[in-house]
Amino acid sequence: MNIAYWNIHGLNEDKFQDDLFIENVCKYDIVCFAETMLRESPGNLPGFTSPYIVKPIKAKKRGRPSGGMLIFIKAKFKNVISEIKQNNFSIWLKIDGTFLNLEKNIFLCFTYIKPYINKDISELTFTKLENDISFFLSKGEVILSGDFNARTGGLNDFIQNDGVNDNFTDCPVPEDYTPDLPLERNQLDQKNNLHGNLLVNICKSSQMRIVNGRFLGDSLGYFTFYNSNGKSTVDYIC
C-alpha cells in the first residue's frame, strides 16, 4: 500500500485536468493534499473514491483561509479504510489490519500544523496530537504523516542512555520497561525550532520514530520545503 502526502499550497480545478499530475498521483493508493485552502473538492481523481475533506481555517480578518486537506483513497480500498476522527489540523483513518495480514489495525494520521504563531497555541496543538496518538496506540499501530512546520535538526527523537538501571539510581526503571533504541538519523537541515522540540518530545513519549533520514531513498534526510527565502525540512513521516 503506497501512501503520499503533498503540501500543495493551493489546489484548483486545473490540476485535475493535468495529465502529468494525474499520472503521478495515481501511483499511490492513499493521497493527502495539504494546505489546499479549499472547503470542498475541485474534482475527483480517476479510480479514487470521493475525498475526505478537512476544511481550512477561516481568516479572522481579510485574507484567504489557511490549511485544509483532501484525502483520496483508491476505490479498491473503499471497505478497508475509514475515517474515524478529524479536527482543524488533522484527520485519522483506520486501515483494517486483516486486509494486510497484520494482527493489529493501522491508524493513519495526516496533519497540517500552521507555522508558529505563539507558544501557547503551538503547545496546545501538539498536546492534542499527542493525546490522539496515545489513544490510538492503545488500539493498534500508528503512522503519522504531515507538515508540522517543525525543524528538528540536531534533536534526538529517542531518550539516550535509558536502558541501564545504573543511570536511574534515585528512581530505578521497572523490569518490564522497554528502553529506547538509539537509532541515528541524518538530516541536511541542521536548524531547529519550537515545533521541532515538540515533535521529538512526542516521539520520545510514544516511542515513535521519524522515518526521514533513516531509509533507502532518503538516507540523508533531504529538504522538504523550498522557496525564494531558502529551504528546510518541515514535513515528516513517523
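Predicted model: local features only at pLDDT ≥ 70, side-chain atom pairs only at ≥ 80, totals over all residues.
**Entry 1: overall fold**

I started with contacts (heavy atoms within 4.5 Å): among those in the protein chain between residues at least 6 apart in sequence, 67% join residues at least 24 apart. I number residues from 1 along each chain as its sequence is written, and side-chain values use heavy atoms, with hydrogens and water left out.

Next I looked up the elements, taking helices (H or I, at least four residues) and strands (E, at least two) as DSSP runs numbered from the N terminus. I found three helices and 11 strands in the protein chain. Reading from the N terminus, I get the order β-α-β-β-β-β-β-β-α-β-α-β-β-β. The radius of gyration is 19 Å, close to the 18 Å that the globule rule gives for 238 residues, so the protein chain is as compact as a globular protein of that length. For that value I used C-alpha atoms, and the rule is 2.2 Å times the number of residues to the power 0.38. The C-alpha trace spans about 65 × 45 × 35 Å along its principal axes.

**Entry 2: surface and charge**

My cut-offs for accessibility: buried is under 20% relative accessible area, exposed is over 50%, and partly exposed is in between (1.4 Å probe, protein chains only). Buried residues account for 41% of the 238 in the protein chain. The chain exposes about 13,600 Å², and carbon and sulfur atoms supply 50% of that. These areas come from the Shrake-Rupley method with a 1.4 Å probe; for residues, only the protein chains shown count as cover.

I then checked charges, counting Lys and Arg as positive and Asp and Glu as negative, without His and the chain ends. Each charge is placed at NZ of Lys, CZ of Arg, CG of Asp or CD of Glu. The 26 positive and 28 negative charges have mean positions 9 Å apart.

**Entry 3: the rings**

How many aromatic pairs does the structure hold? I have 14. Rings of Phe, Tyr and Trp (its six-membered ring) pair if their centres lie within 6.5 Å; planes under 30 degrees apart are stacked, over 60 edge-to-face, and the rest tilted. I picked Trp6 and Phe21: their ring centres are 5.6 Å apart and the planes sit at 45°, so I log this pair as tilted. Trp6 belongs to strand β1 (residues 3-7) and Phe21 to helix α1 (residues 19-25), so the pair ties together parts that are 15 residues apart in sequence. Trp6 is partly exposed at 37% relative accessibility, whereas Phe21 is buried at 5%. Ring pairs also join Trp6, Phe16, Phe21, Phe33, Phe48 and Phe72 into a cluster.

**Entry 4: helix α1**

Staying in helix α1, I looked at Val25. At 3% relative accessibility, Val25 is buried. Setting aside residues up to four places away in sequence, Val25 touches Trp6, Val31, Phe33, Leu45 and Phe48. Leu11 is 14 residues from Val25 in sequence and 14 Å from it in space, C-alpha to C-alpha.

Glu23 is in helix α1 too, but I find it exposed at 51%. Glu23 and Pro46 are 23 residues apart in sequence, with 10.0 Å between their C-alpha atoms.

**Entry 5: positive phi**

Met37 is not a glycine, yet its phi is positive, about 65°. I place Met37 in the loop between β2 (30-34) and β3 (52-54), where it is buried at 15% relative accessibility.

Asn101, not a glycine either, has a positive phi of about 60°. Asn101 falls in the loop between β6 (90-95) and β7 (105-112). Buried or exposed, this Asn101? Exposed, at 71%.

**Entry 6: the loop between β8 and α3**

I ended with the loop between β8 (140-147) and α3 (194-206), which holds Glu184. Glu184 is exposed, at 61%. Not counting residues up to four places away in sequence, Glu184 touches Phe158 and Arg214. For Glu184 and Arg214 I have 30 residues of separation in sequence and 7.7 Å from C-alpha to C-alpha.

Arg151 is also in the loop between β8 and α3, and I list it as partly exposed at 22%. Beyond neighbours within four places in sequence, the contacts of Arg151 include Asp189, Lys191, Lys231 and Tyr236. Gly10 is 141 residues along the chain from Arg151, and their C-alpha atoms are 22 Å apart.
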